[in-house]
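Let's take a friendly walk through a protein structure together. Have a look at the sequence and the 3D view below, and turn the view around as you read.

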Amino acid sequence: MTEPHPRSDPSATGTQPQEAEVLRDLLRSPGYLKALVLCAVIGIPVSLAAFWFLVGLHELEHALWADLPRAMGWDVPPWWWALPLLLVAGTGVGLVVTHLPGAGGHVPASGLHTGGASSAALPGVLLAAVASLPFGAVLGPEAPLIALGGGLALVFRDLTRAPATPQSTVLLGAAGAAAAISAIFGNPLIAAVLLIEVAGVGGPQLFAVMLPALLSSGVGALVFTGLGRWTGLATGDLSLKLSLPFPRLDVADVLWAVVIAVALGLVLHPLLAGARAIGSYVAARPLVRTVLCAVGAAACAALYALITGRSPGDVVSSGQAGLAGLAADPHAWGVGALCAVLLFKGAAYLLCLGSLRGGPVFPALFLGAAAGVLLAPLPGLGVVPGMAAGMAAASATTLRLPVSSVVLVILLLGSSAMMPVVILAAVVAFVVTELLPPGPAVA
């Protein structure tokens, strides 16, 4: 037997300390420990602020889209209901962009951002979100929440007179954003994973290493799932045994998941490129062109309601409530309604991504789920695998965050039964999107 290598002494050998020693020294440093304590303390008020911010948005949206129509004698909003509300949204966001610091936050077509947290821009971000989301913008609240968490963290740092260094700004901004974003997703795991990918820790090398590992784990899950079925034996897992009607995956599910991922990547990628072009168009004359885009999104909802006889609420807003309804009763949507909602909500999503303020996550999930339900009658597919593959592919294409997309969809499904399909769809859609021409950036 050989003797173990002695622990290297950086001072003696002239080499850099090993990574474990660097981490150990970092954890022992008083400044980093103080930052950890401050992050833990900051998480309490940031989470409370994020919670009440979401409650306020939800209550205002319910009042505008449910209570007010009923008070005026309609069980559901009439076909024209989105027109005045999104006119207000476009005007409000346009005024915030032209008059307040920070332009109401970044344009949603450019994705999710964590950098550049600023307490000065926070009022404009919150006002733009309040003007957009409850009034029918086809966007989610995750981007304003990230800005809210990061901005509040810096406010509390200044109140406690903690050192304002570039390192503390990045650290506290990320910690505040994670605390806030967990409020909307209801799980700290997805918040941590999302922030790691959004912040770009590791750069392109992270994705280069992560994609093969993610894909291999998905294929491996198919193998040991199949072996468990064939032999009747199990290796054991950590998942709860939920009594949900999830079908067992077969070859057709996997093949169709790949097809769905490629199709959604090819469709959503130009949609996002178009949204970035709209963002550059709006930037030249923010007030007038933001109003035009918002009214255009409202026209999409009105046309959908006139054509299908359904509520314009199917097209407007984030789709979070619609996603729950679609999952609860997918057969309530006919083929015509699914095609119409994909067309009109996709067009409204395009316009809102380039003009209003919010996040891109939930509309993408809804569009992916609707596409999965529409394609579910394909031979050997089924509703649940179709929805799972559609949501994963749409999320990975829109966010370009494959691991976050996998974790998010699995948490939404509440089961790991569809994990192989979710992983394959996310990885394939991400690769397809990255191989396509990037398109214009937002000016």
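The paragraphs that follow go from the whole protein to its core, some of its helices, a few loop residues and a pocket.

Keep in mind that this is a predicted model. What is the protein built from? It has 17 helices and zero strands. There are 443 residues in the protein, and buried residues make up 47% of them. Now consider the contacts in the protein with a separation of 6 or more: residues 24 or more positions apart account for 79% of these.

Next, look inside. The largest nonpolar core has 119 residues, and those touching the most other members are Leu86, Leu145, Phe185 and Val422. Let's pick one of these, leucine 145. Which residues does leucine 145 contact, leaving aside its neighbours within four places in sequence? They are Ala50, Phe53, Leu54, Ala180, Ile181 and Ile184.

Another leucine to find is leucine 351, which sits in helix α13, residues 335–355. Is leucine 351 buried or exposed? Its relative accessible area is 19%, and buried means under 20%, so leucine 351 counts as buried. Leaving aside neighbours within four places in sequence, Ile278, Cys293, Gly296 and Ala297 are in contact with leucine 351.

Now move on to helix α15, which runs over residues 383–399. From its first C-alpha to its last, this helix of 17 residues reaches 24 Å, close to the 24 Å expected at 1.5 Å a residue. Why can we call α15 largely enclosed by the rest of the structure? Because 15 of its 17 residues are buried.

Helix α16 covers residues 402–413, and its 12 residues should span 16 Å at 1.5 Å a residue. The end C-alpha atoms of α16 are 17 Å apart, which agrees with that expectation. Since 10 of the 12 residues of α16 are buried, α16 too is largely enclosed by the rest of the structure. Its buried residues include Pro402, Val403, Ile410 and Leu413. Just after α16 comes glycine 414, with a positive phi of about 75°.

What about residues that are not glycine? Most residues other than glycine have a negative phi. Arginine 400, in the loop between α15 and α16, has a positive phi of about 55° although it is not a glycine. With a relative accessibility of 23%, arginine 400 counts as partly exposed. Alanine 103 also has a positive phi, near 55°, and lies in the loop between α4 (82–99) and α5 (122–132). Alanine 103 is partly exposed, at 26% relative accessible area.

Our last stop is the second largest pocket, which holds about 760 Å³ of space. It is lined by 29 residues, and those closest to its centre are His58, Glu61, Ser317, Ser318 and Ala321. Which helices each supply at least two residues of this lining? They are α3 (30–71), α7 (166–185) and α12 (320–328). The largest share, seven residues, comes from α3.

Note on methods: Residues numbered from 1 in each chain as written. Predicted model: local features only at pLDDT ≥ 70, side-chain atom pairs only at ≥ 80, totals over all residues. Heavy atoms only, no water. Helix = DSSP H or I, 4+ residues; strand = E, 2+ residues; numbered from the N terminus. Expected span 1.5 Å × (residues − 1). Buried < 20%, exposed > 50% of the residue type's maximum accessible area, 1.4 Å probe, protein only. 1 Å grid on protein atoms, 1.4 Å probe; cavity = no way out; pocket = protein on both sides within 12 Å on 5 of 7 lines; lining within 4 Å. Points joined across faces, edges and corners; volume = space filled by probe spheres on them. Core = buried A, V, L, I, M, F, W, Y, C linked by side-chain atoms within 4.5 Å. Contact = heavy atoms within 4.5 Å.
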